[in-house]
Amino acid sequence: MEILRKSTPPVGLFGRRGFLTGAGATLLYAALAPHGTSRVAAARSIGDYPFTLGVASGDPTATGVVLWTRLAPKPFEGGGMPAHPLAVQWQIATDERMNHIVHRGAVLAVPELGHSVHVEVEGLEPSRWYWYRFSHGNEESPIGRTKTGPAVGSVEALKFAFVSCQHYANGLYHAHKHLAEENLDFAVHLGDYIYEGPATSVVGRPHLPDHEITSIEDYRIRYALYKSDPYLQAVHARFPWIMTWDDHETENDYAGFLPENAADPADNQPDFASRRARAYQAYYEHMPLRAEQLPTGPDLQLYRQLQLGALMQVQVLDTRQYRSHRAPANCALAERVNGYCPTALDPTRTIEGSAQQSWLIESLTTSTARWNLLANQVPFAPNDTNADPLIRTFGGEKWDGYPADRQKVLDAIAARGLGNTVVITGDVHANFVRNVPPDHIRLDAEPIATEFIGTSISTGGDRTLATTFGGNANNPHLRFSDNHHGYVRCTVTPELWRSDYRVVPSVVQADDGGVSTLASFVVEQGKAGAEKI
Ligand SMILES: [Fe+2]
């Protein structure tokens, strides 16, 4: 379907033509930056402008990318769209003024998917910047910028950042503001894009709705609230994103079909499977994902592989949907094996599910890329939090809670002996660098992989800051720990991986205080383990 419309620039808070591109973007964001209920009120009265939630792109390949938007003129009041499908036009160009359009088309935005739009553009050139926009009637979306992946076989350097945990009520998105100014090829979100509970706020950003979300309407309003932030819109419009989720997009600490608290009616509306289906649908509706990720009932296949030339193979993981319930946290000392409780060591318990695990091991075993990247949710390397050498207190909710399952992945990595596997992780709202040992017993053995854990964008709010370098008796494989907020910027060449921990001083102060690099680590290709530089 080829439709090209001429339309006039929209008038409205989010709708200035082209405001999401170029140097002028920063100024405009600064003007929009005051956070608080006044901005929510402003967004409520934006009239009929449908592109209030911005635009996004994602999952780049050498020849294509996914473009996303959602029509929602009244984002906090059910979207404000009629209960029938509507055509949305899209264009993609090689220049930021949209003069040289290379592809265009139209798609239907349907009420069953919240009038969200997912366009899988093909026929693009590798490693090239493009600009895109949507239109409906006389209204145009902001212009977004995106980039295709490298050509097959290319080992050109790539620069990206990863983020996680962006609790809207806990803090301001200063980190996103600075992330939008980074010169990156793409970005990765490792989950906790939204939080599902009610929340008051010390920064004037209380949660909408004001209760735990369980209905599809509630999930949509919560996504709309988060996406009303101009800095979050900015980062989505600046480069393509590789998205995965953690627990809070659905329900805190859920495991497969088990909610956090099976006895709590709020967790089961009317049952957890149907709540999970609504949460997964809302996630799909708000993310730049391909049709392969279209949910079917309570299932959505989010784990997938992206090939970024010959430089990097990315395995995007989903450690929530298929996991077994967590093992009981404690047991008698006499029962412990190498510090672990037998229930934790049960080989039938899984964090990935058997299909994802087979896929992951096969992908790692056959990869010919210079680097293998696992885009992961919860900490992967062991982390012993108990000083008693006979007791290893491992987080029951992390990979540590599923050591037998993890060992199969570790064995696959070790068997190849390439030393080029890097795990990036979110979840814990703090920065850590951990060398990955070959098992959960010999934490001081030669590492077989490297894990970079990134802090939260805002979750947790401001706290007393603490930064330490190096390991300790409990965790000799630890290289760095810190609890600033921010993001991790990675520069990857065929020979060297560099991770820069970019931090902001506060997420509560209105003045963002700038961004700085707190610490940088490198991994040499072929030699697992991080070195501070
Ligand atoms: Fe989180």
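Modeller: Happy to! In this predicted model, four residues coordinate the iron ion: C165 through SG, D192 through OD, Y195 through OH and H429 through NE2, at 2.1 to 2.6 Å. The angles subtended by the 4 donor atoms run from 87 to 166°, so the arrangement around the iron ion is irregular. Along the sequence, the donor residues follow the spacing C-x26-D-x2-Y-x233-H. Take C165 and Y195 as a pair: they are 30 residues apart and link distant parts of the chain. C165 sits in the loop between strand 9 (158-163) and helix 3 (174-179), while Y195 belongs to the loop between strand 10 (186-189) and helix 4 (216-227). Both C165 and Y195 are buried.

Beyond its neighbours within four places in sequence, H174 is in contact with V504, S506, V507, Q509, A510, D511 and D512.

Finally, have a look at a pair of helices. The axes of helix 8 (residues 354-366) and helix 9 (residues 403-416) come within 9 Å and cross at roughly 10°, which makes helix 8 roughly parallel to helix 9. From helix 8, Q357, L360, I361, L364, T365 and T366 take part in the contact, and they meet D405, K408, V409, A412, I413 and R416 of helix 9. By residue type, this contact of helix 8 with helix 9 divides into 6 nonpolar, 3 polar and 3 charged residues.

How values were computed: Residues are numbered from 1 along each chain as its sequence is written. This is a predicted model: local features need pLDDT of at least 70, side-chain atom pairs count only at pLDDT 80 or more; totals for chains, interfaces and linings use all residues. Side-chain values use heavy atoms; hydrogens and water are left out. Donors are N, O and S atoms within 2.8 Å of the metal (3.2 Å for Na, K and Ca); water is not among the atoms, so sites may look incomplete. Four donors count as tetrahedral if all angles lie between 85 and 135 degrees; four count as square planar and six as octahedral if opposite donors are over 155 degrees apart and all others between 65 and 115; anything else is irregular. Helices (H or I, at least four residues) and strands (E, at least two) are DSSP runs, numbered from the N terminus. Buried means under 20% relative accessible area, exposed over 50%, partly exposed in between (1.4 Å probe, protein chains only). Contact means heavy atoms within 4.5 Å. Axes are lines fitted to C-alpha atoms, for helices over the stretch in contact, and angles run from 0 to 180 degrees between N-to-C directions. Angles under 35 degrees count as roughly parallel, over 145 as roughly antiparallel, 65 to 115 as roughly perpendicular and the rest as oblique. Ala, Val, Leu, Ile, Met, Phe, Trp, Tyr, Cys and Pro count as nonpolar, Asp, Glu, Lys and Arg as charged, and the others, Gly among them, as polar.
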